[in-house]
Amino acid sequence: MKSKIFAVLLLMTALNTQAQKVITLPEALKYALANSEAIKKAQYDIENGLNVVKETRAGAKPQLNATSTVTLNPVVQQFVLPAEAFGGAPGEFIAIKAGQTWNGMTQVQVSQQLYNQQLFTGLKAAKGSAEFYQLMKELSEENVVQQVATNYYQVIVNQHKLALIDENLERVNKLQGILQGLVDNGLGKKIDVDRVKVNRVNLENQKTQLINAIDLQKNVLKYSMSMPISEPIELVDEDLEKLETLVTSLNISPEVDVESLLNIKVLRKQEELLNLNKDAKIAEFYPKASLSGQWIQNTQSNRFNLYTGNALNYSMLNFTLNINIPIYDGGAKRARVDIAKVDILKNREEIKSSSNALKMAYESAKIQMKNSLQSIQNQKANLELAKEVYDNINNNFRLGLVNLTDLLNAEAEVTTTQNAYSDALLQFKVAEIELMKARGEIKNLAIN
């Protein structure tokens with residue numbers, strides 16, 4: 001029996017150890033940055049961008065192709081010619097075979113672009129696209145860090161609320177024990193015990209709901225981290241009071257340089273690409289020049305001995321300078337240029353709108369930070385006052401100077417104030433994350 005109990009305890013310890021995968025915020029962010037599907041797809045876009053550069057660059061290099069064919073002619077084509085040309089009677093005709101039973105041809109072609117402005121512009125655009133995808137990857141990283149940090153602190157705050165409920169339950173259980181003792185000794189009322197029991201059940205229901213909410217928020221956190229939902233995690237307990245950042249350490253600048261933010265950098269790079277696209281459309285008006293060469297080896301024979309000394313072999317070699325001058329296409333090229341210009345104008349409006357939105361987000365984050373700091377200070381003072389009131393009423397209750405209703409109301413006020421204080425801290429951290437995102441410093445959370 002002892003050995004079985006020991007085995008069960010050992011198994012429970014192992015399972016508990018497996019479940020206790022405790023992570024900090026920097027660890028959660030590093031995991032997310034390494035496993036995020038959005039970031040991986042952005043990395044694939046970068047790789048494809050580099051592949052497009054290689055493909056475009058290849059168009060400016062010499063192109064070499066070779067083909068070889070062998071043809072069997074069971075019935076050789078014949079030409080009808082005047083017999084008189086071959087010594088026959090005038091007015092008569094004879095059929096002459098034109099070719100051999102076996103024909104072979106090997107052809108080698110080489111071409112080189114000499115001048116193609118559209119191709120050269122496309123090469124610049126391909127390089128710019130690779131840089132664009134790199135910026136998009138960095139922007140994806142910022143978004144992932146913001147989501148993970150916000151979800152992380154939501155779990156932390158609710159865990160703190162859960163600890164507060166446990167403290168309240170402990171006080172209620174003690175109070176219930178005291179009242180039950182009074183009832184047992186004939187000095188108390190059963191209705192008072194029942195009222196405390198109701199309060200305890202309400203707290204237990206709140207605890208159950210909060211535990212379920214924490215589990216749901218952990219799943220949201222794992223999803224934002226790209227972690228398997230089935231993998232159990234625990235978050236490092238943090239003293240919420242330490243989450244308060246001194247106003248002097250916030251270093252809130254009056255304005256933000258939106259040009260330094262990735263959102264604007266992406267749009268600026270997009271503007272650059274749109275200008276290159278316009279240049280590529282304009283390049284369609286330019287002439288193109290290329291040089292090509294062709295070598296052909298023909299071989300014929302009535303036997304399958306092609307390319308040998310017994311076959312009929314002859315070669316051809318030529319070089320060609322190709323010049324293509326566009327003259328008139330009904331205005332199609334001009335229309336494509338105009339479309340490209342409109343895309344540039346639309347992108348400029350998007351830059352204006354995004355710049356204004358980023359400035360608004362920064363100002364909103366500053367206001368929210370100030371409001372949150374003020375709310376924290378007010379709620380903290382209110383919490384201390386609520387605890388002081390509760391302690392006084394609790395002492396008076398023990399002395400029989402106040403009734404149970406006053407005590408329960410004071411306890412409920414403490415609970416409400418504690419939750420309000422926790423919510424204020426959460427709002428503060430969310431505002432701080434928004435401010436860091438608005439300043440382009442959100443990835444610093446993964447370093448601290």
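Predicted model: local features only at pLDDT ≥ 70, side-chain atom pairs only at ≥ 80, totals over all residues.
Helix α4 has another partner to look at. Find α4 at residues 117-184 and helix α5 at residues 190-225: their axes come within 8 Å and cross at roughly 165°. That angle makes α4 roughly antiparallel to α5. As for the hand of the crossing, α4 passes α5 in a left-handed way. The contact of α4 with α5 has 20 nonpolar, 13 polar and 9 charged residues.

If you wonder what to look for in pairs like these, here's the general idea: two packed helices are described by the angle between their axes and the distance between the axes.

Is Asn151 buried or exposed? Its relative accessible area is 12%, and since buried means under 20%, Asn151 counts as buried. Which residues does Asn151 touch, once you leave out those up to four places away in sequence? They are Val220, Leu221 and Ser224.

**The whole protein**

Time to zoom out. The protein has 9 helices and 8 strands. Its radius of gyration is 41 Å, while the globule rule gives 22 Å for 448 residues; the value is well over the rule, so the protein is more spread out than a compact globule. The box that its C-alpha atoms fill, taken along the principal axes, is roughly 150 × 70 × 35 Å. Of the 448 residues, 34% count as buried.

What about contacts between residues at least 6 apart in sequence? Among these, 81% join residues at least 24 apart.

Two residues have a backbone angle worth a look. Ser226 isn't a glycine, yet its phi is positive, at about 60°. You'll find Ser226 in the loop between α5 and β6 (234-235). Tyr307 isn't a glycine either, and has a positive phi of about 65°. Its place is in the loop between β7 (288-301) and β8 (312-324).

Gln377 sits in helix α8 (residues 332-398). How far is the C-alpha atom of Gln377 from that of Val196? The two are separated by 32 Å, and they are 181 residues apart along the chain.

| Residue | Relative accessible area | State |
|---|---|---|
| Asn151 | 12% | buried |
| Ser226 | 16% | buried |
| Tyr307 | 37% | partly exposed |
| Gln377 | 46% | partly exposed |

The cut-offs explain the last column: because buried means under 20% and exposed means over 50%, whatever falls in between is partly exposed. With 16%, Ser226 is buried, whereas Tyr307, at 37%, is partly exposed. Gln377, at 46%, is partly exposed too.

Terms used
Residues numbered from 1 in each chain as written. Heavy atoms only, no water. Axes fitted to C-alpha atoms, helices over the stretch in contact; angles between N-to-C directions. Helix = DSSP H or I, 4+ residues; strand = E, 2+ residues; numbered from the N terminus. Parallel < 35°, antiparallel > 145°, perpendicular 65-115°, else oblique. Left-handed = near helix turned anticlockwise from the far one by under 90°. Nonpolar A, V, L, I, M, F, W, Y, C, P; charged D, E, K, R; others polar. Rg over C-alpha atoms; globule rule 2.2 N^0.38 Å. Buried < 20%, exposed > 50% of the residue type's maximum accessible area, 1.4 Å probe, protein only. Contact = heavy atoms within 4.5 Å.
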